[in-house]
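Thanks for asking me to look this one over. My notes follow as numbered points, to be read with the model open beside you.

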Amino acid sequence: MVETKKDGTTTTTTTDKIGNKTETVENPDGSSKTTVDNKDGSSSTTTVSEDGKVEAEVKLPAAVVNDAAEKGETVALPMPEVPVTTSTENAPTVTVTLPSNTSAKVEIPVAEVTPGTVAVIVKADGTEEIIKTTLTTDNGVAVTLSDGDTVKIVDNSKEFDDVSSHHWGSDYIDFATSRELFSGTSATTFSPETVMTRAMIVTVLASYDGADTSASAGEAWYTSGQQWAVENGISDGSNMENSLNREQLAVMLWNYAGKPAPSGNLSSFADAYDTSDWAAQAMAWAVENGLISGMGDGSLDPQGLATRAQVATIMSQFVALTA
């Protein structure tokens, strides 16, 4: 149903077959308000100001949250798509109300989502922090939120002179750098084909874990990541400036994931015997979960060196696995 008043205000009301109702009121000044009331008890109110600022408030009842948790599913928030912007100041905000003291994995609908689109949590003191576990979906972004959380939706993609949009790893590099797991090798370069070092990967994993990776005066740039890795059983902290090979990478990721037992082995690869005994389980787990794949010729190349673009790709998959 569409109703237009004399002042130009238009109200559009739609009700689907199961009784979910959406009402949008559009004002002559360009502002609008959309309310959604679903039969399952979920609801939302989304306002767009005259200057285009979007603010949404969503409520999810216990039944919806519990049902999704039992099924291991993500709750699609009942609200219109929000636009994405590179400006945190003008970014759309979404506030979620859940049953008290609970959390839920939700999907926020985003128009023209990019690999670099992230959710930014707005803390009680007004500070903001990128949620590194933000996942990109076909319809927006998925993120785990707690009752009362407010997030902004921002395209935090970086631009590097040495990574074109046609580069095979550009989307993965966007994903990793927008979540600030990786930084560039300079303000304008990423160096995608540069071999990763052990220092780089422990710093990436420490950052993903939320550790402060900044260096104090007189310390090596990787000292904080090194200390974090040793304290958490990720690495022994040795040979930080040495190149990182594929089996070493697998072991560090496996350690971070809690050393889960793989269900298979590496016998299908012609060079499985090149894998060190101490890395065999980790490599099997990494292959099983799609983090590391074969080289296309039946080999696994466990001693092969890992480039920054390759590790950005693997970290994108690792975040999806562990988020």
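Is Arg198 buried or exposed? Arg198 counts as buried, with a relative accessibility of 10% (buried is under 20% relative accessible area, exposed over 50%, and partly exposed in between, using a 1.4 Å probe and protein chains only).

1. A word on the basis of these notes. This is a predicted model, in which local features need pLDDT of at least 70 and side-chain atom pairs count only at pLDDT 80 or more, while totals for chains, interfaces and linings use all residues. Residues are numbered from 1 along each chain as its sequence is written, and side-chain values use heavy atoms, with hydrogens and water left out.

2. Back to Arg198 and its partner. Arg198 makes a salt bridge with Asp236, with 3.3 Å between the closest N and O atoms (a salt bridge is a side-chain nitrogen of Lys or Arg within 4 Å of a carboxyl oxygen of Asp or Glu). Arg198 belongs to helix H3 (residues 198–208) and Asp236 to the loop between helix H4 (223–231) and helix H5 (246–256), so the pair ties together parts 38 residues apart in sequence. Helices (H or I, at least four residues) and strands (E, at least two) are DSSP runs, numbered from the N terminus. Asp236 is exposed, at 58% relative accessible area.

3. Asp67 pairs with Lys71, their closest N and O atoms being 3.4 Å apart. These two residues sit four apart in helix H1 (residues 62–71), which means about one helical turn separates them. Asp67 is partly exposed at 33%, and Lys71 is exposed at 51%. Glu129 and Lys123 form a salt bridge as well, at 2.8 Å from N to O; Glu129 is partly exposed at 36%, and so is Lys123 at 38%.

4. Now the sheet. Four strands make an open sheet with mixed pairing, in the order E7-E9-E13-E12 (two strands pair if DSSP finds at least two bridges between them). Strands E7 (75–76) and E12 (135–136) are at the edges with a single partner strand each, so one side of each has no neighbour in the sheet. Strand E9 (residues 103–109) runs antiparallel to strand E13 (residues 140–146), and seven bridges join them. Glu107 has Ala142 in E13 as its bridge partner.

5. Finally, Thr93, in strand E8 (residues 93–97). Thr93 is buried, at 12% relative accessibility. Leaving aside residues up to four places away in sequence, Thr93 touches Val54, Glu55, Ala56, Thr150, Val151 and Lys152 (contact means heavy atoms within 4.5 Å).
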